[in-house]
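Here is a briefing on one protein model, grouped by topic. Please read it beside the sequence and the coordinates.

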Amino acid sequence: MLTRLIGIFGFLQLIGFLEYVRGAVPSRQFQTFMVAGLGLVFGAALLGLFGLTWAGYIAPWSGRFYSLWDTSYAKIHIPIIASVSEHQPTAWPAFFFDLNMLIWLFPAGVYLCFQKLEDQHVFVIVYAVFGSYFAGVMVRLMLTLTPIVCVAAAIAMSQLLDTYLVASSPNVDETNEDETEGSKKTSKQGSLRSTSEPWVGIYNFVSKLVLAGGMTVFLLLFVQHCTWVTSNAYSSPSVVLASRLPDGSQHIIDDYREAYQWLRQNTKEDAKIMSWWDYGYQIGGMADRPTLVDNNTWNNTHIATVGKAMSSREEVSYEIMRQHEVDYVLVVFGGLLGYSGDDINKFLWMVRIAEGIWPEEVKERDFFTARGEYKVDHDATETMKNSLM
């Protein structure tokens, strides 16, 4: 609390100093002083940031930050970041799925902000540009784009409804009379012949009714779409999965919960489970058992150790598990159910992450056939067949 008060007191002193300088020097010199002062403060802050980072007092930028500017950085240098599905680039269908009709109202709202560049409109434009870029780099950053999409779309929608919901049409006769009187006054003053601007407005009541009715239908469909997306795509737990059978009926995949329940009832309380990091928090919360790695992905070496155990021969994997006192290994296989999110699908990421730490012992190319295919059937490579997975 005391630190905040000191900070506010210092800020007030700075404002008082600037007001004193403003009254003591001419406006042009004050502008020069402000530009020079801000540039000096910015440069000093930037140098201080680099100096403290170099000295180790401030942690350097993380790999996630670099991935925002270089989309290939994580895949080359830190595969654990690229392996997370939320860090993948956003596909075009995801924009239409999440934004629906706002996808075409959004650019219209940004265009309207350009027509009148006030402070709030500049903020909307800048936010829209950066939000659109970052949302295209990582799918999880769609959350940062949606607020400005709603604001810009609301601006466009408001402009449309303000124009078309006025039931009375412009009076053309009165407008022409005013323009005629104005032109007569101009001609009497001996000036050149003036050209009056046309009256802009919606004269046809049917046009107003059609557009207002159409926008109402769009809004109702948008509400229906949002309700459906929320209930079907964003309200399902990640433990219990729902799928559709060929006949259209719903099929519930409850294997995760049943596996965690089995671990809770049939293993010792101090039994250590080795699995891929995706299931770490779920095993700790639902099975109440310790895991070798979990969803805290900051320790790349621990996760690479599990990847090495999964991708190595059984003799090598056994020594790794004995070294870390592993009692059980959890592997998810979705071949019988057609579940594409199993560990076979994630296996190449385990190999890539392990190769980043032990490039001489784990090689991704050993898991591909001579034709460059990733096979898990009888055509799989010998390295794939002999691995723990």
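**Charges over rings**

The charged end of Arg352 sits over the ring of Trp349, 4.6 Å from the ring centre. The criterion is NZ of Lys or CZ of Arg within 6 Å of the ring centre and within 35 degrees of the ring normal. Lys308 lies over the face of Trp358, at 4.7 Å from the ring centre.

This is a predicted model: local features need pLDDT of at least 70, side-chain atom pairs count only at pLDDT 80 or more, and totals for chains, interfaces and linings use all residues. Residues are numbered from 1 along each chain as its sequence is written, and side-chain values use heavy atoms, with hydrogens and water left out.

**Whole chain**

- The protein chain has 17 helices and four strands. Helices (H or I, at least four residues) and strands (E, at least two) are DSSP runs, numbered from the N terminus.
- Of its 389 residues, 28% count as buried. Buried means under 20% relative accessible area, exposed over 50%, and partly exposed in between (1.4 Å probe, protein chains only).
- The protein chain exposes about 26200 Å², and carbon and sulfur atoms supply 61% of it. Accessible areas come from the Shrake-Rupley method with a 1.4 Å probe; for residues, only the protein chains shown count as cover.
- Among contacts between residues at least 6 apart in sequence, 57% join residues at least 24 apart. Contact means heavy atoms within 4.5 Å.

**Helix α14**

- Helix α14 covers residues 300–311, 12 residues in all. From first C-alpha to last, α14 reaches 16 Å, close to the 16 Å expected at 1.5 Å a residue. The expected span is 1.5 Å times one less than the number of residues.
- Nine of the 12 residues of α14 are buried, so the helix is largely enclosed by the rest of the structure. Among them are Ile303, Val306, Lys308 and Met310.
- The buried residues of α14 pack against α5 (79–83), β3 (273–274), α15 (314–323), β4 (328–329) and α16 (343–357).

**Nonpolar cores**

- The largest nonpolar core has 38 residues, of which Met274 and Trp276 touch the most other members. A nonpolar core is a set of buried Ala, Val, Leu, Ile, Met, Phe, Trp, Tyr and Cys residues joined through side-chain atoms within 4.5 Å.
- α5, α12 (255–266), β3, α13 (280–287), α14, α15 and α16 each supply at least two residues of this core. The largest share, six residues, comes from α16.
- Not counting residues up to four places away in sequence, Met274 touches residues including Val306, Ala309 and Met310, as well as Tyr328 and Leu388.
- A second, separate core of 22 residues includes Leu99, Ala128, Ala153 and Phe222.

**Aromatic pairs**

- The structure holds 11 aromatic pairs. Rings of Phe, Tyr and Trp (its six-membered ring) pair if their centres lie within 6.5 Å; planes under 30 degrees apart count as stacked, over 60 as edge-to-face and the rest as tilted.
- Tyr256 and Tyr279 form a tilted pair, 5.8 Å centre to centre with 40 degrees between the planes. Tyr256 is in helix α12 and Tyr279 in the loop between β3 and α13, 23 residues apart. Both Tyr256 and Tyr279 are buried.
- Phe347 and Phe367 pair edge-to-face, at 5.4 Å centre to centre and 75 degrees between the planes. Phe347 lies in helix α16 and Phe367 in the loop between α16 and α17 (382–386), so the pair ties together parts that are 20 residues apart in sequence.
- Phe347 counts as buried at 0% relative accessibility. Phe367 is buried too, with a relative accessible area of 2%.
- Phe130, Tyr133 and Phe134 form one aromatic cluster.
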